[in-house]
Amino acid sequence: MTIFHWWDLIPCLFLFVVTPATVFYFFCLYDSFPCRWSLGALYALLTLFLYLAEIFFHVTGFLCLLLRIFLLFLLRCLFSCNKKPRALSVAALVISVNSICHGLSYLFFFWLITRVAPQVNPLILSIDSAQALMEELLTLLFFCLIWKYFRQGITQKSQLPFLSLAIPVFYIALVERMIQDSIYGNTIVWDSDLGIVSPVVNHTEILILHLFACACLFLTLIAWQKIQKAFNHEYTIQLLSQQTQAQEIYIEETRLRYRQTQAFRHDIQNHLSVLETLLDAGQTSQAREYLSHLGQISGRLSASFQTGNAVVDALLGTKLSLAEQGEISVRCTLKIPESSQILDIDWCILLANAVDNAVKAAGHLPPDRRKLLISGRQKGNFYLLSIENSCSPSIDGPPKEGIGLSNIRAVTEKYHGTVKIEAGNGRFKLQLLFVLSVIHSSDTP
């Protein structure tokens, strides 16, 4: 008669409760998805049914891993339709890591059981529980190491497909699973005289293979993170190149306006002579009409905002006119110091990105709450540029740094400046502080 012991439940507890909960938690963490324990309990229950289906239908290897990955992915899609490709990649990563940890613990305890005499019943009976515990600890360790050292690469929204990481990691896990299914199997044949009869395994070679799998896992993560950084830098350079071309257009528009102004000044004496003639002839209405026409010409030549920098005036004239068309209340008191030594293109990069982000954020609000304030003032050797806009009340704290903020930070650091971001209570404020004396000294040969 078979005697049932309480410790027989420990492997089942780890297999169907603890490990699925760990996998689901880190899946949500890596995918930036709120972890709901009710959903985690459902995942654990579905894992049990999947395990029973694998036994009943003899599902192993490649198909087994895919089913576990798609279970997480489909469960995620039931509650959110966003970032589906990324969710699939994150599911592949966490399932693959768990599979690798399972293979390592399985190898260790298979090696241990071959060195334990069958008469040592208490140790034999606790092997499964110890193996499940070791698998859980290894899984936690690997997940925490990945989160600690590769968090930015995993959570960062990048143009580089996350699937490019998931595929090599999945391949490593598949090799682990093939070793377990093809070499170890699920049955151990023990002879009281000969010991282990089947399977016969060279533990040293398999251990080396497992260690290489672990090394490949982390080397893949390192390589992918470096590729991601290089890809992001290239993307940033391309974007900066596009912005530079746009700023060159603004500069050319400014030069054209300057030439038109020069032509207007050249002809102003002729215009005054015409006005004088009309007034002498008593043709007051014609003089008023002519004067109105001159006012329209001069209005087209002048910029909507006077900052002391013609290029910035042209940029703000375009950007802020679009903001006003979007029913955003605009107030600009920006003054550019002549001695700032900051290039016109860099001013345009700073202001174009900041204003674009501000207009986009304010545009999501009702018209009566859309506000944009741009100011800049110099005090001694310090110059403070401030862009403040209304935003959603749900925003609390600095947002994730995108391409726009990255470009602003890059230009600010170029001139030894600092970036300060304040967000909360429906207000977003970006402050850039420059030390003009440092800029002057850095430009001195």
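Me: Among contacts between residues at least 6 apart in sequence, what percentage join residues at least 24 apart?
Reply: This is a predicted model, in which local features need pLDDT of at least 70 and side-chain atom pairs count only at pLDDT 80 or more, while totals for chains, interfaces and linings use all residues. Residues are numbered from 1 along each chain as its sequence is written, and side-chain values use heavy atoms, with hydrogens and water left out. Contact means heavy atoms within 4.5 Å, and among such contacts between residues at least 6 apart in sequence, the share that joins residues at least 24 apart is 71%.

Me: What percentage of the residues count as buried?
Reply: Buried means under 20% relative accessible area, exposed means over 50%, and partly exposed lies in between, with a 1.4 Å probe and protein chains only. Of the 445 residues of the protein, the share that counts as buried is 42%.

Me: How many helices and strands make up the secondary structure?
Reply: Helices are DSSP runs of H or I with at least four residues, strands are runs of E with at least two, and both are numbered from the N terminus. On that basis the secondary structure comes to 13 helices and seven strands.

Me: Are H2 and H3 roughly parallel or roughly antiparallel to each other?
Reply: Axes are lines fitted to C-alpha atoms, for helices over the stretch in contact, with angles from 0 to 180 degrees between N-to-C directions; those of H2 (residues 37-57) and H3 (residues 61-77) come within 11 Å and cross at roughly 155 degrees. Angles under 35 degrees count as roughly parallel, over 145 as roughly antiparallel, 65 to 115 as roughly perpendicular and the rest as oblique. The pair H2 and H3 is therefore roughly antiparallel.

Me: How many nonpolar, polar and charged residues does the contact of H2 with H3 have?
Reply: Residues of H2 including Leu39, Leu42 and Tyr43 meet residues of H3, among them Cys64, Leu67 and Arg68. Ala, Val, Leu, Ile, Met, Phe, Trp, Tyr, Cys and Pro count as nonpolar, Asp, Glu, Lys and Arg as charged, and the others, Gly among them, as polar. By class, the contact of H2 with H3 has eleven nonpolar, one polar and two charged residues.

Me: Are H11 and H12 roughly parallel or roughly antiparallel to each other?
Reply: The axes of H11 (residues 344-362) and H12 come within 9 Å and cross at roughly 150 degrees. H11 and H12 are therefore roughly antiparallel.

Me: How many nonpolar, polar and charged residues does the contact of H11 with H12 have?
Reply: Residues of H11 including Asp346, Ile349 and Leu350 meet residues of H12, among them Gly404, Leu405 and Asn407. By class, the contact of H11 with H12 has six nonpolar, five polar and two charged residues.

Me: Is Thr22 buried or exposed?
Reply: Thr22 has its place in helix H1 (residues 9-30). Leaving aside residues up to four places away in sequence, Thr22 touches Glu136, Thr139, Leu140 and Phe143. With a relative accessible area of 9%, Thr22 is buried.

Me: What is the phi of Asn425?
Reply: Asn425 sits in the loop between S6 and strand S7 (427-435), and with a relative accessible area of 81% Asn425 is exposed. Although Asn425 is not a glycine, its phi is positive, at about 55 degrees.

Me: How far apart in space are Leu433 and Gln378, C-alpha to C-alpha?
Reply: Leu433 lies in strand S7 and, at 32% relative accessibility, counts as partly exposed. Leu433 and Gln378 are 55 residues apart in sequence, and their C-alpha to C-alpha separation in space is 9.9 Å.
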